[in-house]
Amino acid sequence: MSAFLVLNGPNLNRLGQREPAIYGRATLDDLEQELMAWGKARQVRIDCFQSNHEGELIDRIHQAEEVYQGIVFNPGAFTHYSYALRDAVASINLPVIEVHISNIHKRESFRHQSVLAPVCLGQISGLGLAGYRLALEALLEYIEEQE
């Protein structure tokens with residue numbers, strides 16, 4: 001059975017409350033339940049983790065290599081400046097897809113740059129919570145192609 005880790009960075013615990021015009025009204029719990037149901041229907045284990053702390057996210061990335069076949073990662077604001085998270089992703093031998101709920105390229109100019117994108121398999125931005133599911137679909141397809 002395949003297993004994927006869904007990582008969410010800072011402030012994503014505030015989904016449904018924080019700027020609903022940008023991020024929607026669904027909560028992080030709503031998202032996680034939807035992704036786990038998606039996984040169950042496909043016999044894929046989905047584990048979710050959110051942290052506002054960079055080091056905790058790095059630890060999860062390092063541990064993931066022994067447990068998962070891929071990672072879906074919304075690094076939040078760390079996207080734009082965390083070389084430590086970039087290096088953590090680069091240090092593992094797993095495909096990682098970067099996900100953003102909003103279209104970061106249509107927002108403030110500081111959000112246009114991702115320091116993680118160059119070490120990720122791909123990036124999905126601006127498709128709302130559906131981006132997570134699409135990233136999981138892409139990971140499944142990628143893994144099947146590698147076998």
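**Briefing: annotated residues and side-chain pairings**

Tyr23 has a relative accessibility of 10% and therefore counts as buried, since the cut-off for that class is under 20%. The model described here is predicted, and Tyr23 is one of two residues, the other being His100, that an unreviewed UniProt entry lists under "active site". Although these two residues are spread over 78 residues of sequence, they cluster in space, with a largest C-alpha distance of 9.6 Å.

**The residues listed by UniProt**

- Tyr23 is placed in helix α1, which covers residues 20-23, while His100 is found in strand β4, which covers residues 96-100.
- His100 is also classed as buried, because its relative accessibility is 5%.
- Leaving out residues up to four places away in sequence, His100 touches Asn74, Pro75, Gly76 and Thr79, and it also touches Gln123, Ile124, Ser125, Gly126 and Leu127.

- When neighbours within four places in sequence are set aside, Thr79 is in contact with Glu98, His100, Gln113, Ser114, Val115 and Leu116.

**Salt bridges**

- How many salt bridges does the model contain? The count comes to 3.
- One of them joins the side chains of Glu137 and Arg42, with an N to O distance of 3.6 Å. This pair links distant parts of the chain, as Glu137 belongs to helix α5 (residues 130-146) and Arg42 to the loop between α2 (28-41) and β2 (45-50), the two being 95 residues apart.
- Glu137 is partly exposed at 31% relative accessibility, and Arg42, with a relative accessible area of 39%, is likewise partly exposed.
- Another salt bridge brings together the side chains of Arg45 and Asp47, at 3.0 Å from N to O. Arg45 has a relative accessible area of 35% and so is partly exposed, and Asp47 counts as partly exposed at 23%.
- A further salt bridge is formed by the side chains of Asp87 and Arg86, at 3.3 Å from N to O. Asp87 is partly exposed, with a relative accessible area of 45%, and Arg86 is placed in that class by its relative accessibility of 26%.

**Aromatic rings**

- The structure holds 1 aromatic pair, made up of Phe78 and Tyr81 in an edge-to-face arrangement, with 5.9 Å from centre to centre and 70 degrees between the planes.
- Why is this pair called edge-to-face? Its planes are 70 degrees apart, and an angle over 60 degrees places a pair in that class, because the class is set by the angle between the planes.
- Is Phe78 buried or exposed? At 7% relative accessibility, Phe78 counts as buried, whereas Tyr81, at 49%, counts as partly exposed.
- Elsewhere, the charged end of Arg60 sits over the ring of Phe49, at 3.8 Å from the centre of that ring.

Key
Residues numbered from 1 in each chain as written. Predicted model: local features only at pLDDT ≥ 70, side-chain atom pairs only at ≥ 80, totals over all residues. Heavy atoms only, no water. UniProt positions renumbered as here; feature names shortened; annotations may be inferred. Helix = DSSP H or I, 4+ residues; strand = E, 2+ residues; numbered from the N terminus. Buried < 20%, exposed > 50% of the residue type's maximum accessible area, 1.4 Å probe, protein only. Contact = heavy atoms within 4.5 Å. Salt bridge = Lys/Arg side-chain N within 4 Å of Asp/Glu carboxyl O. Phe/Tyr/Trp six-rings, centres within 6.5 Å; stacked < 30°, edge-to-face > 60°. Lys NZ or Arg CZ within 6 Å of the ring centre and 35° of its normal.
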